[in-house]
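I want to look up who packs against whom here.

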Amino acid sequence: MDLNAHTKKANQLRSENEKFYKRLKQRPPKNLDELFHDLHDEVFNEIDCLSCANCCKTTSPIFYERDIERAAKALRMKPGDFFEKYLKIDEDRDAVLKQAPCPFLGSDNYCSIYEHRPNACREYPHTDRKKMEQILPLTFKNTIVCPAVLEITERLKKLIK
């Protein structure tokens, strides 16, 4: 996966995609979830996340209490010690990683706590969830981070004119 090419393309399409998602938010088609889900499956059959891991390299999931407890237990740590070592409170008052890339991301793009990762990681990039119209601004932001979301968006633009 060529992340530089992705970033360049995503930035070139940024304005167009922002307008597309704003328009979609104002008038979502009745079958929006179905369109996203079908494209999600199609694109993720073609794109291997392990060839990219840009989400893990550049962003942080929100860690909720249950995520902290699960990850801490997997690492045989107390939740407070896990928080102290890996997390901080951001400007939105969310618990997020202190650093990027994620400290659990290996050089092979595998996650060392994969089975115990936060729900936000499990659900990323959120293009297969219900009520997609509720997260269209987030989906637009994810076009910059995730090559799969950018590709889903490009295909979606061809379906919704």
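This is a predicted model: local features need pLDDT of at least 70, side-chain atom pairs count only at pLDDT 80 or more; totals for chains, interfaces and linings use all residues.

I started with Y21: skipping its neighbours within four places in sequence, Y21 is in contact with F36, L136, T139, F140, T143 and T153 (contact means heavy atoms within 4.5 Å). Residues are numbered from 1 along each chain as its sequence is written, and side-chain values use heavy atoms, leaving out hydrogens and water.

Next I checked the cores. A nonpolar core is a set of buried Ala, Val, Leu, Ile, Met, Phe, Trp, Tyr and Cys residues joined through side-chain atoms within 4.5 Å, with buried meaning under 20% relative accessible area (1.4 Å probe, protein chains only). The largest has 19 residues, and Y21, L24, L32, F36, L156 and I160 touch the most other members. At least two residues each come from α2 (14-26), α3 (32-44), α8 (136-145) and α9 (147-159); helices are DSSP runs of H or I, at least four residues, numbered from the N terminus. I found that α3 gives the most, five residues. A second, separate core has 14 residues, including A72, F82, Y86 and F104.

Last, I looked at α1 (residues 3-12) against α9: they pack at about 40 degrees, axes 10 Å apart (axes are lines fitted to C-alpha atoms over the stretch in contact, and angles run from 0 to 180 degrees between N-to-C directions). L3, H6, K9 and A10 of α1 meet P147, L150 and E151 of α9.

How values were computed
Buried means under 20% relative accessible area, exposed over 50%, partly exposed in between (1.4 Å probe, protein chains only).
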